Amino acid sequence: MAGEGLDETGKRGRSVLREGDDGLRLKAADIGGELGERATLVQFSSAFCQPCRATRRTLEQVAAMVGGVAHVEVDAEAHLALVRALAITATPTVLVLDAAGRIVRRATGQPRKADVIAALGAAV
């Protein structure tokens, strides 16, 4: 189903959230946008992905609510080398970066606003 993934128990769910990628850091040049002062929400999207549109709205709302948080959307099809390097297998995929650009959380599927805010807690 579009926008759904498997949770840790293998059951269908809205999104899959996991810990960061062992200290992997991204720079502004890697994602094509400025990092936030406190955290960055990086969204990998594709052109015909319906859940990507809803995810964009959610991440924009959270970034506007939480000071120092930026939202950067990356076109997965136009950045295949980055997609492969980060093992992005579905859109939308959201990476939560801390102020230094370290990936602290990763989620696949359409997240809920409350989940995004909770994931930001690991970054700030």
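Predicted model: local features only at pLDDT ≥ 70, side-chain atom pairs only at ≥ 80, totals over all residues.
Visitor: Why is the link of C49 and C52 called a disulfide?

Guide: The S to S distance for C49 and C52 is 2.3 Å; a disulfide requires cysteine sulfur atoms within 2.5 Å, so the pair qualifies. A search of the whole structure finds one disulfide. With 85° about the S-S bond, this link is right-handed, and C49 and C52 are both buried.

Visitor: What makes E73 and R56 a salt bridge?

Guide: Their closest N and O atoms are 2.6 Å apart, and the cut-off is within 4 Å, so the pair counts as a salt bridge. The pair links distant parts of the chain, with E73 in strand β5 (residues 69-75) and R56 in helix α2 (residues 50-65), 17 residues apart.

Visitor: Why is E73 called partly exposed?

Guide: The relative accessibility of E73 is 30%. Partly exposed lies between the limits of under 20% for buried and over 50% for exposed, so the term applies. R56, at 28%, is partly exposed because its value also lies between those limits.

Visitor: How do you know whether D98 is buried or exposed?

Guide: D98 has 7% relative accessibility; buried means under 20%, so D98 is buried. Its salt-bridge partner is R102, with closest N and O atoms 2.8 Å apart. R102, at 30%, counts as partly exposed.

How values were computed:
Residues numbered from 1 in each chain as written. Heavy atoms only, no water. Buried < 20%, exposed > 50% of the residue type's maximum accessible area, 1.4 Å probe, protein only. Salt bridge = Lys/Arg side-chain N within 4 Å of Asp/Glu carboxyl O. Helix = DSSP H or I, 4+ residues; strand = E, 2+ residues; numbered from the N terminus.
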